[in-house]
Amino acid sequence: MEIIRSVEWMKQTARAAESAKHLVGFVPTMGALHEGHLSLVRAAKRQCSPVMVSIFVNPAQFGPGEDLEKYPRNFEKDCALLESLGVEYVFAPEASEIYPAGFRTSVRVEGLSEKFEGRVRPGHFQGVCTVVLKLLEIVRPRFAYFGRKDAQQARIVRQMVSDLNLDTEIVVCPIVRESDGLAMSSRNAYLDPAERRAATVLYRSLDAARRKINSGARAAGEILDAVNSTIASEKLAKLDYAELVDADSFERVDFLRGTCLLLLAARVGSTRLIDNMFIDAARDFSVSL
Ligand code: AMP
């Protein structure tokens, strides 16, 4: 496995793979890898060769006062994990390599970026889109893999790729969870033992919504009541938002129809966690958690 630090060398390596007609798969990450990330890498390995993984804690997607400095970093361990999965290239640039002095451009997907996560974290998706566009342009992969854990991010990236006619297909992979249901996240490392136990409330509240749907509930109000009351029962948790939206437009819906997402964000202690579930009304209201 080769570790690449420079944009120029990453570009040359990726162009050589493209010229050789290799099918390049790409997994962008911020490191501190867990099974959620590794599931994306495995999906890439099944479809592509070579697989390139970026490890870059992107300053542009952190707001003032957010956790950029304390964000977990574990480069050696990450590389060992990626090597064990047969990843061919790791792209791990310094921030100054991605944003050299004088950098002035940013990318914004209008509308989708201002709601939910974007409202709570102004500028976040602009930071995400800017770095993802740069990475996709450096690597020019045939497929790039994202997790449904960050459903709004995946939707926005897909929009950007379509709007800008990029030659990359975005693959969105299912959420990987701990055995007690907590969605895996690098930020789970911030939770103390009591908070870690309380954090399962996000999953438990989505599960309560699933049970409502399975027993015939179709109205957003009724489904979200189940979420709100479950979150309220956990003293260490504070709801940020719980919304039922159309999976494509991210507009709120009053009733389940088409494909929907139940989006959830909550604070457990001082750690902000997000989760979601996907509901396919056309397929017998099947629910993916
Ligand atoms: P991050 O390192 O947090 O920027 O995440 C990198 C990629 O991994 C993103 O596409 C995330 O959506 C994805 N990811 C993070 N956690 C999970 C998870 N629990 N299950 C599936 N994908 C995930």
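Predicted model: local features only at pLDDT ≥ 70, side-chain atom pairs only at ≥ 80, totals over all residues.
View 1. The ligand has 17 residues around it, and the closest are M30, H37, D150, V176 and M184; a residue counts here if one of its heavy atoms lies within 4 Å of the ligand. G147 comes in through its backbone, where an N or O atom lies 2.9 Å from a ligand oxygen.

A word on reading these views: local features need pLDDT of at least 70, side-chain atom pairs count only at pLDDT 80 or more, and totals for chains, interfaces and linings use all residues. Residues are numbered from 1 along each chain as its sequence is written, and side-chain values use heavy atoms, with hydrogens and water left out.

**View 2. Where domain 1 touches domain 2.** The chain splits into domain 1 (2-173) and domain 2 (186-282), with bounds from an automatic or database domain assignment. Taken over C-alpha atoms, the two domain centres are 26 Å apart. About 1,800 Å² is buried between the domains, with carbon and sulfur atoms giving 51% of that; buried area is the accessible area (1.4 Å probe) that two parts lose on being put together, summed over both. F116, E117 and R148 supply 31% of what domain 1 buries against domain 2, more than any other three residues.

**View 3. Polar and charged pairs across the domain interface.** Between the two domains there are 4 salt bridges, each a side-chain nitrogen of Lys or Arg within 4 Å of a carboxyl oxygen of Asp or Glu. There are also 11 residue pairs in polar contact, both partners at pLDDT 80 or more. For a polar contact, N or O atoms must sit within 3.5 Å; within protein, one must be able to donate a hydrogen and the other to accept it, and residues adjacent in sequence count only if both atoms are side-chain atoms. On the domain 1 side, α5 (117-120) and α7 (151-163) each bring at least two residues.

**View 4. Two salt bridges, pair by pair.** R155 and D248 join their side chains in a salt bridge, 3.3 Å from N to O. K115 and E251 form a salt bridge too, at 3.3 Å, N to O. That K115–E251 pair ties together distant parts of the chain, 136 residues apart: K115 sits in the loop between α4 (95-98) and α5, E251 in the loop between β7 (237-246) and β8 (259-268).

**View 5. A cis peptide bond and a positive phi.** S49 and P50 are joined by a cis peptide bond, with omega about 0°. You'll find P50 in the loop between α2 (35-47) and β3 (51-55); helices (H or I, at least four residues) and strands (E, at least two) are DSSP runs, numbered from the N terminus. K21 isn't a glycine, yet its phi is positive, near 65°.

Terms used:
Contact = heavy atoms within 4.5 Å.
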